[in-house]
Amino acid sequence: MKNTLLINQYVRKFLLDDKAVNSKVYDRVFPLDALQGTSLPFIVLTRQSTTFDDSKDGYYQETVPVQVTIVAKSYNEAVELANDTRKALEHIEYSSAHDENQHEGADDIYISDSKLVSCYESLYNNAYIQQLDFNFEVQ
């Protein structure tokens with residue numbers, strides 16, 4: 001079984017491992033929501049769903065859409081962080097089986113690709129928001 005329900009923990013790892021993103025948000029990458037009063041900028045990750053591709057032999061791949069929401073003080077800061085985030089997350093190939101930081105006994109996951117599929121921007125409560133929607137292909 002592929003543990004795609006935990007995709008956000010891997011996306012968070014990819015973001016925090018990226019020097020450009022980490023230098024701006026430090027550890028402020030959260031699943032689902034950030035606590036009120038969290039310093040800007042920050043990133044919120046939301047797994048949208050999971051779809052299965054199958055064949056006669058069973059399913060062979062899952063597509064997992066993840067919404068990445070960037071919240072910042074200024075428009076330029078939000079766009080710059082969105083660009084860094086895109087660079088960190090597009091065309092990922094990752095296997096937890098080869099990750100020395102993977103917890104022993106954890107399910108292996110193999111991400112074969114990731115791509116940006118849509119994006120939009122908004123302003124809410126004087127915070128600038130960039131939303132990036134990625135699809136992660138998991139085998």
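Let's start at Leu-15: skipping its neighbours within four places in sequence, Leu-15 is in contact (heavy atoms within 4.5 Å) with Val-21, Asn-22, Val-29, Ile-43, Leu-45, Thr-85, Ala-88 and Leu-89. Keep in mind that this is a predicted model, where local features need pLDDT of at least 70, side-chain atom pairs count only at pLDDT 80 or more, and totals for chains, interfaces and linings use all residues. Side-chain values use heavy atoms, with hydrogens and water left out, and residues are numbered from 1 along each chain as its sequence is written.

Leu-15 also turns up in the largest nonpolar core, which has 28 residues; Leu-15, Ile-7, Ile-43, Val-68 and Ile-111 are the ones that touch the most other members. A nonpolar core here is a set of buried Ala, Val, Leu, Ile, Met, Phe, Trp, Tyr and Cys residues joined through side-chain atoms within 4.5 Å, and buried is under 20% relative accessible area, exposed over 50%, partly exposed in between (1.4 Å probe, protein chains only). Two or more residues each come from H1 (7–17), H2, S2, S4 (58–72), H3 (75–89), S6 and S7. Helices (H or I, at least four residues) and strands (E, at least two) are DSSP runs numbered from the N terminus. H1 gives the most, with six residues. Apart from this core lies another, of six residues, including Phe-42 and Val-71.

Most residues other than glycine have a negative phi, and most peptide bonds are trans. Tyr-26, in the loop between H2 (19–25) and S1, has phi near 55 degrees. Asn-126 sits between S6 (110–124) and S7 (127–138), with a positive phi of about 65 degrees, and is exposed at 70% relative accessible area. Finally, the Leu-40 to Pro-41 peptide bond is cis.
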